[in-house]
Amino acid sequence: MEQYTGKSIFKKIAIGRVYLYQKKENSVRREHVEDVEQEIKRFEAAKTVALGQLERIYQKALKEVGEDNAAVFEVHMMMMDDEGFVDSICHIIREQKVNAEYAVATTGDNFSAMFAQMDDDYMRARAADVKDISERLVSVLCGRETDMGSLDEPVVLMADDLAPSETVQLDKAKILAFVTRHGSSNSHTAILARTMNIPAIIGIDVQDEWKGKTVIVDGYTGNVTIDPDPEYLKTMTEKMQADVKKQELLKELKGKETVTKNGRKIHLYANIGGVKDVASVLQNDGEGIGLFRSEFLYLESDDFPTEEEQFQAYKTVAENMAGKKVIVRTLDIGADKQVDYFGLAKEDNPAMGYRAIRICLDQPEIFRTQLRALLRASAYGNISIMFPMIISVQEVLECKRILAEVKAELKAEGIAYKDVEVGIMIETPASVWISEELGREVDFFSIGTNDLTQYTLAIDRQNAKLDNINDPHHPAVLRSIQTVIENGHKGGAWVGICGELGADTTLTETFVNMGIDELSVSPSFILPVRDAVRKLD
């Protein structure tokens, strides 16, 4: 039995088999081989495995995101079986007497460059596809596990780290816990773990030899135990079962109001990243959705999602919530959430760089597409629109101007929409100190405590080395929240919290006493926060 300690993200226990996720690597060593025919057989076997992976991913995507969005995987299968692609790999192996990994990587680079130089837009777009399939083949040849769709049992996922673009591809029903070497308590892996109601531990030096072994992840202590002995396994299994019973007791709060003993009502909403998360909101009795992170629609796509694709997603969520409030945050891309097709330049300080509303106002065609989709979807439910990363009244006025123009376009086209509530994220010191003026221009504020803490304390929330001083309970953060609530109410806006701090039940009483109107938390925290509110006098 081996035990390691890291930083816990979510207090829960998981027991299962280790699934070691290793990122695709671009560097491949050139190695001389004598038996070229045997090397070609290795390539053919890897191609069969990779095609099987793509077929499973295609079928999963077909069910979850529809035929149009799944079509890319059909293209990948056709390209992997393309005669010219296969012939090039076999030719390099035979003529240069090299390993299959090198032949595949070289062919991938050559074909990708060839497509990139073509005049036709469609063919140029295939450059990224051929690069992707060659990396998949290299991963199979190297024995690296990259196919999340092939899991046949729930597992504990271990990795160096997971990017947002990787987490969105996970089969969440098959993940018991996350354990990563890197990351921070505010990383997207951490946020995903809270949304999924599973433990996550960061700062663990994940080892290759753990693959397939039994592991216990203790979110209460931050301990990760490899190959636990029978006695410890029994103890932790009983502790895990006690957790389940505690959750069952909380379910008695379903259908009850989130109201203090003296009758103070708090609106308790949920944070989600996509359509599939709505089931968890309803299961946990969320009163609405306080934060729909729309950027995940972009992270899941190989190109800018169309107006129709976005409309269908927003419409589905609005219909499923059956008239309950759905607050959609407009595109918040940039910083740690990177998408290749945006072509964003590398920045020295991306957290304070070209991101969120700055991109939308600088590239209004992207913004207008999203606003059209949101307004169209508003006809099917109770949608509100929220703008992120606001630092000035001028930005709000420009957002409202564009929104008004989009409304006029839809009206002229005879397309139905509702007069939606408009709000902003308060997540910078600048927006805190002009919050009374901002409150006069919008219907509501939602305080993003993750970024507000980062900018107030001058601490990069993605830097794990600073986790020990990244204190969201810092007096400066709490006083900022108090100021925003008071100023928002003066300006005529209601005020909520959608950052992770909203789920901190040690601060629930503080927030209620401050006058907060709404709390939006990960679905798994809804009932614990309701319990905390109902116990207040």
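This is a predicted model: local features need pLDDT of at least 70, side-chain atom pairs count only at pLDDT 80 or more; totals for chains, interfaces and linings use all residues.
Residues are numbered from 1 along each chain as its sequence is written. Local features need pLDDT of at least 70, side-chain atom pairs count only at pLDDT 80 or more, totals for chains, interfaces and linings use all residues, and side-chain values use heavy atoms, without hydrogens and water.

**Exercise 1.** Find how far helix H14 reaches, and what covers its buried residues.

*Solution.* Helices are DSSP runs (H or I, at least four residues), numbered from the N terminus. H14 spans residues 393-413, which is 21 residues. From first C-alpha to last it reaches 30 Å, close to the 30 Å expected. The expected span is 1.5 Å times one less than the number of residues. Next, pick out the buried residues (under 20% relative accessible area, 1.4 Å probe, protein chains only). Among them are Val393, Cys399 and Leu410. Their cover includes helix H13 (364-378) and helix H16 (435-439). Just after H14, glycine 414 has a positive phi of about 75°.

**Exercise 2.** Name the residues that touch the most other members of the largest nonpolar core.

*Solution.* A nonpolar core is a set of buried Ala, Val, Leu, Ile, Met, Phe, Trp, Tyr and Cys residues joined through side-chain atoms within 4.5 Å. The largest has 84 residues. Phe387, Ile481 and Phe511 touch the most other members. Apart from this core lies another, of 33 residues, including Leu54 and Cys90.

**Exercise 3.** Count the disulfides, then check cysteine 399.

*Solution.* A disulfide is a pair of cysteine sulfur atoms within 2.5 Å. The count is zero. For cysteine 399, the nearest cysteine sulfur is that of cysteine 360, 7.8 Å away. Cysteine 399 is buried, with a relative accessible area of 0%.

Key
Helices (H or I, at least four residues) and strands (E, at least two) are DSSP runs, numbered from the N terminus. Buried means under 20% relative accessible area, exposed over 50%, partly exposed in between (1.4 Å probe, protein chains only). Contact means heavy atoms within 4.5 Å.
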